Each structure stands twice: as C-alpha cells, then as structure tokens.
Amino acid sequence: MPISRAEIVTESGDKLINRLCKHWAHKLEVEHDEHQGRVTFDAGSCLMTSEPGRLHVAVEALDEEGLDRLEGVVASHIERMAGKEPLEIVWEN
C-alpha cells in the first residue's frame, strides 16, 4: 500500500488535529487524543501527530490513484481548518 508523508510547520498542530477529527467524525471512523489522530477513509487512512512547531501527516491508500485523491482531500481540509495561517504542504512518497 502506497504511503505519502508531509511535515507541516505550524504552531497549531494539536488544534488542527482536533478540528479535523471532529469534522470527519460525522462521517468516518476517527480516533484521536491530545497529540494525534487517525481517520479511516474508504480508500485508505490518515495519521496525524503533532510536536512543538510541527504537524506530521501520513496518508496510506490501497493504490496510487487513491493516494493522490487522499493527499488532495487531506491537504485541502488542513488548509481550510488553518484559516488564515499560511501552510506549506509538500507530500513525499
């Protein structure tokens, strides 16, 4: 199963994880605590962990097409939840 990872510079990692998990919990299986969250999508999963100044995101999918789609979905939601905070999200396979 292909995996992509992104390390995002932000002081809002815990807040973003909390907001994203609450948002996705309405439709998807979600597990989260203070510093990490896991979301299970139909096509794969997303694991988010935070540390001071960083948000680490890993997406895993069944195939490359699903991975590309999940990267887009996760990145767009992170950017939306960050509001006006500018984030640079670069996926590495």
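Visitor: What should I know about the model before I start?

Guide: It is a predicted model, in which local features need pLDDT of at least 70 and side-chain atom pairs count only at pLDDT 80 or more, while totals for chains, interfaces and linings use all residues. Residues are numbered from 1 along each chain as its sequence is written, and side-chain values use heavy atoms, with hydrogens and water left out.

Visitor: In what order do the strands of the sheet lie?

Guide: Start with the terms: helices (H or I, at least four residues) and strands (E, at least two) are DSSP runs numbered from the N terminus, and two strands pair if DSSP finds at least two bridges between them. Here 5 strands make an open sheet, ordered β1-β5-β4-β3-β2, with antiparallel pairing.

Visitor: How many bridges join β3 to β4?

Guide: There are 6 bridges between β3 and β4, and Gly37 has Met48 in β4 as its bridge partner. A hairpin through 2 residues connects these strands. Strands β4 (residues 44-51) and β5 (residues 54-61) are antiparallel over 8 bridges, with Gly44 opposite Ala61 in β5.

Visitor: Which residues of β3 are on its covered face, and which on the uncovered one?

Guide: The general idea is that in a regular strand the side chains alternate between the two faces of the sheet. In β3, Gly37, Val39 and Phe41 make up the covered face, whereas Gln36, Arg38 and Thr40 make up the uncovered one.

Visitor: Where does helix α1 lie?

Guide: For angles, axes are lines fitted to C-alpha atoms, for helices over the stretch in contact (heavy atoms within 4.5 Å); the angles run from 0 to 180 degrees between N-to-C directions. Helix α1 (residues 13-24) lies across β2, β3 (36-41), β4 and β5, and runs at about 150° to β4.

Visitor: Which residues of α1 are buried?

Guide: Buried means under 20% relative accessible area, exposed over 50%, and partly exposed in between (1.4 Å probe, protein chains only). Gly13, Leu16, Ile17, Leu20, Cys21 and Trp24 are the buried residues of α1. They sit on the same side of α1 because they cover an arc of only 125° around the axis, the arc being that of the directions from the helix axis to the C-beta atoms. Their cover includes β2, β3, β4, β5 and α2.

Visitor: How many aromatic pairs are found in the whole structure?

Guide: Rings of Phe, Tyr and Trp (its six-membered ring) pair if their centres lie within 6.5 Å; planes under 30 degrees apart count as stacked, over 60 as edge-to-face and the rest as tilted. The search finds 1 aromatic pair. Trp24 and Phe41 form that edge-to-face pair, at 5.3 Å centre to centre with 80° between the planes. Trp24 is in helix α1 and Phe41 in strand β3, so the pair ties together parts 17 residues apart in sequence. Both Trp24 and Phe41 are buried.

Visitor: Which exposed residues does α2 carry on the face turned away from its buried side?

Guide: Those are Glu65 and Arg80. The buried residues of α2 include Leu67, Leu70, Val74 and Ile78, and their cover includes β1, α1, β3, β4 and β5.
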